[in-house]
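I opened this notebook to record what I looked up in the structure shown below. The entries follow the order in which I consulted it.

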Amino acid sequence: MSHREHIEETLDAIDRSDLNAFITVNYDGARQQAAEADTGELDGRLAGISVGIKDAISTKGLRTTCASQMLEHYVPPYDAFVIRRLHEEGAVLIGKTNMDEFSMGASTETSFFGPCKNPWDLNCVPGGSSGGSAASVAAQEADLALGSDTGGSIRCPASFCGVVGLKPTYGRVSRSGLVSYGNSMEQIGPIARTVKACAVLFEIIAGYDPADSTSLDTPVPRCASSLADDIAGLKIGVPIDFFGEGVDPAVENATRDAIDVLEDLGARATETSMSSLKYALSAYYVQAMSEASSNLARYCGIIYGHRVQRDHDWHRTFSENRASGFGKEVKRRVLLGTYALSAGYYDKYYLKALKARTLISADFQKAFKQYDALIAPTMPFVAFKIGEKIEDPLSLYKVDINTVPVNLANVPSLSVPCGRKGRLPIGMQIIGDKLKEALLFNIAWQFERNTEFNKYAK
Amino acid sequence: MVAAGFIQLEATAIQKRSHMITERTDVVIGLEVHVQLTTHSKLFCGCSTRYQDSEPNTHTCPICLGLPGSLPVINEMAVVYAERVAKALSCSVQRTQFYRKNYYYPDLPKGFQISQYDFPLAINGYLMVDSEGQERRIRIRRVHLEEDPGKLTYRGTIEKAQYSLIDYNRSGVPLLEVVTEPDLRTPKEARRFLNKLRNILEYLDVFDGNLEGSLRVDANVSIAGGQRAEVKNISSYKGVEKALLFEITRQRNLLRRGIHITQETRHFDEARGITISLRSKEQEHDYRYFPEPDLAQVDPEPLVKKFPQQVEIELPDTKRRRFIEQYRISDYLAKVLTASKPLADYYETVAALVDPSAAASWVVDVLQGELNYRGLTLDAFSPAYLVDVITNVTDGHITEKAAVKVIRIVLDRGGTPCEIIDEQALHTAPAEQITTAVKQAIEENPQAVADYQSGKKGALNFLVGQVMKKTRGRADPALTNRLIQEQL
């Protein structure tokens with residue numbers, strides 16, 4: 001099959017799909033890139049391979065909405081660093097994937113373009129915020145996808161959709177071109193149907209970028225070539241704090257069974273505890289909302305973006321553009337973040353969150369003195385029904401309980417399928433010390449090879 | 001209309017009272033000075049900072065326009081420039097952190113300004129300033145870097161414009177903020193401080209004071225331990241003195257009427273020379289400062305080593321001492337000559353070729369005055385011209401009076417000094433011509449001769465003047481004097 005045929009099939013699948021995984025389909029661009037891959041004009045490790053791009057990542061000439069009315073018609077004049085990397089490897093940009101508005105959510109229900117659906121059950125959410133990226137990969141509407149993870153936004157949908165997703169070490173992948181939500185915690189990362197494909201995509205997008213001052217100037221290991229390394233003797237920590245109240249027994253059992261599999265492969269698992277994790281959820285939300293309140297201040301309809309008001313003074317122009325351009329959840333987080341940074345509250349909220357973050361980082365550093373990796377359920381439960389939690393923000397915030405500690409500690413975490421509850425996939429996350437992505441892929445690949453949970457692995 | 005009339009009255013009153021103000025010592029002034037640094041590129045992107053002659057919005061990119069997903073990258077030269085200034089102000093330079101200052105304004109593309117808050121680049125310095133014959137130490141609280149916003153322009157006046165236009169060429173230009181302790185006592189002292197600061201910045205070659213908008217000052221003023229008013233939007237050296245004079249008088253008038261001064265921010269209207277209340281303390285912005293997560297901390301030391309200074313910089317005070325020592329000129333002349341780097345450089349070029357002492361007085365006493373009178377700068381009269389003029393004088397080819405005339409004609413009409421001397425026939429008259437003129441003058445003015453002989457010394461000057469007239473100013477005054485006395 002030619003690349004062009006493969007891409008036509010993929011575009012067809014998208015057109016027939018009920019998932020609403022894409023906000024913008026790159027029909028012309030994708031066809032041209034596939035044709036160029038056929039003639040050999042484009043080559044590289046991703047020649048002719050379709051990649052879905054979370055709509056929070058800037059693509060030159062291709063609109064980038066962040067699933068917000070605010071950016072409904074915004075077309076960036078520049079490519080994100082990761083997009084330039086994909087082009088260098090001959091990738092086909094199949095389209096821009098659905099997400100929670102400005103990455104704020106865990107269900108892809110807050111999108112201005114309507115909710116995305118879970119390919120395993122159309123009544124369920126795909127997770128979020130990179131829901132469209134994970135759903136499109138699971139439903140073969142894309143071969144690979146890029147998401148971004150501020151508090152679990154890659155791992156959550158990877159877990160809910162039964163695919164593999166990595167949140168890299170903070171600084172490993174350039175954020176240049178990623179529309180900011182919580183800058184100090186987020187990373188762009190790969191989503192794929194198999195561990196190996198995920199590792200290849202990670203190698204391609206990772207690496208130093210002088211345009212991102214938080215980018216790490218460290219060589220990227222060849223993760224794909226160490227997948228088959230023996231994991232015998234590896235020390236695995238199982239922090240009980242990730243198995244707390246609210247974790248579905250089916251999820252707990254699947255995760256414990258997965259740990260047994262790794263032990264069968266020679267790893268040694270021990271239960272451990274990280275007491276600071278109880279602060280993680282509050283610390284995460286205070287910090288993310290504070291940063292978001294400032295990051296989103298630029299959207300006022302002056303240089304670009306949604307504009308309903310142009311005939312009044314700037315106060316009114318800004319207010320009306322923002323009031324009508326942002327969705328409810330975005331407004332809630334901007335307001336709360338503004339409050340947390342205000343005079344008289346800064347010490348009580350923002351500074352306290354920073355202190356909690358320091359404690360959590362220290363707990364992870366302590367754990368990695370003892371263990372090579374930690375294993376925990378990615379999500380406390382499987383995908384929930386669309387509409388089930390959206391009216392209750394707190395219950396929706398709580399679903400991030402197992403994913404946010406990783407972002408606060410700047411460490412990498414890989415979510416892989418490890419079971420099912422009915423039709424719905426269960427995911428576990430393998431958490432490593434900073435820059436240890438290769439080890440995470442190695443463990444996941446050994447697990448995937450020795451189990452049947454990943455529908456796509458064979 | 002009532003308000004306008006009141007303002008008018010106050011403005012007139014100020015001029016009358018300004019002499020009193022400088023006498024009082026209960027005034028406390030602190031300055032926040034913002035200057036644009038002359039780096040090639042902006043503070044966080046690669047766009048050129050030389051936007052003054054460019055079309056609006058042509059020096060922009062995703063970073064300085066704040067497009068979604070763009071990230072700032074620190075311009076290392078801006079840090080190096082700032083460090084040089086900080087060292088010249090005797091500050092301690094430290095590892096530094098950028099902060100976000102959050103507020104909305106149409107000229108601010110990101111909805112926040114990247115500035116500094118805790119951990120500024122440098123702290124605790126000072127600058128010695130001459131004030132009424134003594135040197136005063138003005139402490140510097142902090143020196144930090146921040147980005148300039150864009151620029152708003154209005155069609156017509158700010159009040160009447162139907163819309164405003166925004167030019168983002170200025171957005172992201174590096175600004176250096178220098179904050180003093182409240183150590184200044186008079187408006188004049190504040191102006192001297194600014195002049196000296198400008199002088200240092202120009203010596204360091206990090207600032208161009210001739211560029212429009214390159215300097216902006218906020219001044220904090222309080223009287224007798226009362227609340228302070230912050231006056232914003234002062235953009236010239238003269239403006240500082242004017243704004244402070246107005247503000248001090250305004251506060252004194254209120255105090256005299258028993259009205260308490262409240263803490264507030266005021267706007268300086270340069271055209272009208274008045275300050276207007278902008279907002280009270282309660283309406284102050286809460287800038288919600290927090291550390292800029294997109295920028296790592298910056299350690300200036302390795303950057304300073306990476307970009308070493310190409311030439312040894314001599315600061316004004318050091319240069320002044322050297323001038324006194326090397327050229328044997330007075331402290332006064334040395335001070336004037338080093339008050340601006342272009343002037344000092346000009347002087348040294350001339351002093352290398354002619355008698356340095358003569359050069360100093362020609363530059364300070366004659367050339368500066370003629371230039372200022374015409375609103376011209378040193379570019380209008382090259383050092384080579386001045387060397388020609390001075391050489392002609394010391395060689396006796398022209399008189400000092402003729403030399404001044406040469407300078408004036410060159411400045412007014414152009415041409416070289418030699419051309420002018422020839423064209424105007426300004427060569428000193430030969431001795432025999434003077435002798436003839438002296439004889440004529442004595443014959444024609446018997447009364448003056450009689451006066452002189454009866455002891456009226458003033459009559460001699462009259463006779464010298466007559467000789468000058470006859471020789472069209474080309475007679476050497478000393479020689480003329482001697483010849484008249486001999487004849488009589």
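**Entry 1: a helix pair in chain B.** I note at the outset that this is a predicted model. I examined the orientation of two helices and found that α8(B) and α9(B) are oblique to each other, because their axes cross at roughly 140° and only angles over 145 degrees would count as roughly antiparallel. The helices comprise residues 341-351 and residues 356-374 of chain B respectively, and their axes come within 9 Å. I recorded the crossing as right-handed. On the α8(B) side I listed B:Tyr346, B:Tyr347, B:Val350 and B:Ala351 as the contact residues; on the α9(B) side they are B:Pro356, B:Ala359, B:Ala360 and B:Val363. Sorted by class, this contact holds eight nonpolar residues, with no polar and no charged ones.

**Entry 2: the sheet of chain B.** I traced an open sheet of nine strands with mixed pairing, in the order β2-β5-β6-β9-β1-β10-β11-β12-β13. The edges are taken by β2 (92-93) and β13 (274-280) of chain B; each has a single partner strand, so one side of each is left without a neighbour in the sheet.

I then followed one pair within the sheet. Strand β10 (residues 215-223) and strand β11 (residues 229-234) of chain B pair in the antiparallel sense, over four bridges. Within this pair, I found B:Ala219 opposite B:Val231 of β11(B).

Next I looked up helices that pack on the sheet. Helix α3 (residues 187-203) of chain B touches β1, β5, β6, β9 and β10, and its direction makes about 115° with that of β5(B). Helix α4 (residues 237-256) of chain B touches β1, β10, β11, β12 and β13, and its direction makes about 25° with that of β10(B).

**Entry 3: domains of chain B.** The domain assignment gives domain 1 (2-304), domain 2 (316-423) and domain 3 (431-487). I noted 35 Å between the C-alpha centres of domain 1 and domain 2 of chain B. Four residues of domain 1 contact four residues of domain 2. The domain 1 side of this contact has two nonpolar, one polar and one charged residues.

**Entry 4: chain A against chain B.** I recorded 34 residues of chain A in contact with 24 residues of chain B. On the chain A side, α8 (280-295), α9 (314-325) and α10 (328-341) each supply at least two residues. The largest share, three residues, comes from α8(A).

How values were computed
Residues are numbered from 1 along each chain as its sequence is written. Chains are lettered from A and ligands numbered from 1 in the order in which they are written. This is a predicted model: local features need pLDDT of at least 70, side-chain atom pairs count only at pLDDT 80 or more; totals for chains, interfaces and linings use all residues. Axes are lines fitted to C-alpha atoms, for helices over the stretch in contact, and angles run from 0 to 180 degrees between N-to-C directions. Angles under 35 degrees count as roughly parallel, over 145 as roughly antiparallel, 65 to 115 as roughly perpendicular and the rest as oblique. A crossing is left-handed if the near helix is turned anticlockwise from the far one by less than a right angle, and right-handed if clockwise. Two residues are in contact if their C-beta atoms, placed from the backbone, lie within 7 Å. Ala, Val, Leu, Ile, Met, Phe, Trp, Tyr, Cys and Pro count as nonpolar, Asp, Glu, Lys and Arg as charged, and the others, Gly among them, as polar. Two strands pair if DSSP finds at least two bridges between them. Domain bounds come from an automatic or database domain assignment.
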